[in-house]
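Please look through the following report on one protein model.

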Amino acid sequence: MSPRSQKTPMNFRTMAQIDVPQGRNGKHKEIVTKILSDLDQLGEGVALKVPLAELAEGKEKVRAALNRATHKGGRNVATATDVNYLYVWNQKQQQPFP
């Protein structure tokens, strides 16, 4: 018997590729989606005031998730925090020097 005819047993189960979930729905998807939706509606010079009590995983993890989402979407967003709130606002795109 040739070595090619012996099949090594599978280590993992299989499924149809069409049934594989597409995209990642992380723990922070809901809050990040809400923040991005509100940012779309903000006027210039206005910031969102998100209560830290609503951030179950903490402000650092939500800020990181928001940073990933805004970079992926090509958005320019700034954040700040105090004891009670996470502040988020749209920043103007920087104009390149001539």
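The protein contains 2 helices and 3 strands, where helices (H or I, at least four residues) and strands (E, at least two) are DSSP runs, numbered from the N terminus. Read from the N terminus, the order of the elements is α-β-α-β-β. This is a predicted model, in which local features need pLDDT of at least 70 and side-chain atom pairs count only at pLDDT 80 or more, while totals for chains, interfaces and linings use all residues. Residues are numbered from 1 along each chain as its sequence is written, and side-chain values use heavy atoms, with hydrogens and water left out.

**Overall values**

The accessible surface of the protein is about 8500 Å², and carbon and sulfur atoms hold 51% of it. Such areas come from the Shrake-Rupley method with a 1.4 Å probe, and for residues only the protein chains shown count as cover. Of the 98 residues in the protein, 20% are buried. Buried means under 20% relative accessible area, exposed means over 50%, and partly exposed lies in between (1.4 Å probe, protein chains only). Among contacts with a separation of 6 or more, 54% are between residues 24 or more positions apart; a contact means heavy atoms within 4.5 Å.

**Strands**

Two strands pair if DSSP finds at least two bridges between them. The two pairings are set out below.

| Strands | Sense | Bridges |
|---|---|---|
| β1 (residues 48-51) and β3 (residues 85-90) | antiparallel | 4 bridges |
| β2 (residues 77-81) and β3 | antiparallel | 5 bridges |

β2 and β3 make a hairpin, with 3 residues between them. Tyr-87 in β3 has Lys-49 opposite, and Ala-80 also stands opposite Tyr-87. Val-50 has Leu-86 in β3 as its bridge partner. Strand β1 has a covered face, made of Leu-48 and Val-50, and an uncovered face, made of Lys-49 and Pro-51.

**Core**

A nonpolar core is a set of buried Ala, Val, Leu, Ile, Met, Phe, Trp, Tyr and Cys residues joined through side-chain atoms within 4.5 Å. The largest one has 16 residues, and Ile-35, Leu-39 and Val-88 have the most contacts inside it. At least two residues of this core come from each of α1, β1, α2 (59-72) and β3. The largest share, 5 residues, is supplied by α1. Leaving aside residues up to four places away in sequence, Leu-39 touches Leu-48, Arg-75, Val-77, Val-88, Trp-89 and Asn-90.

**Histidine 28**

His-28 is found in the segment before α1 (29-41). Is His-28 buried or exposed? His-28 counts as buried because its relative accessibility is 12%. Apart from residues up to four places away in sequence, His-28 touches Glu-57, Lys-61, Val-62 and Ala-65.

**Rings**

Rings of Phe, Tyr and Trp (its six-membered ring) pair if their centres lie within 6.5 Å; planes under 30 degrees apart count as stacked, over 60 as edge-to-face and the rest as tilted. The count by this rule is 1 aromatic pair. Tyr-85 and Tyr-87 form this tilted pair, at 6.1 Å centre to centre and with 45° between the planes. Tyr-85 has a relative accessible area of 27%, so Tyr-85 is partly exposed; Tyr-87, at 22%, is partly exposed too.

The charged end of Lys-49 sits over the ring of Tyr-85, 4.5 Å from the ring centre. A charge sits over a ring if NZ of Lys or CZ of Arg is within 6 Å of the ring centre and within 35 degrees of the ring normal.
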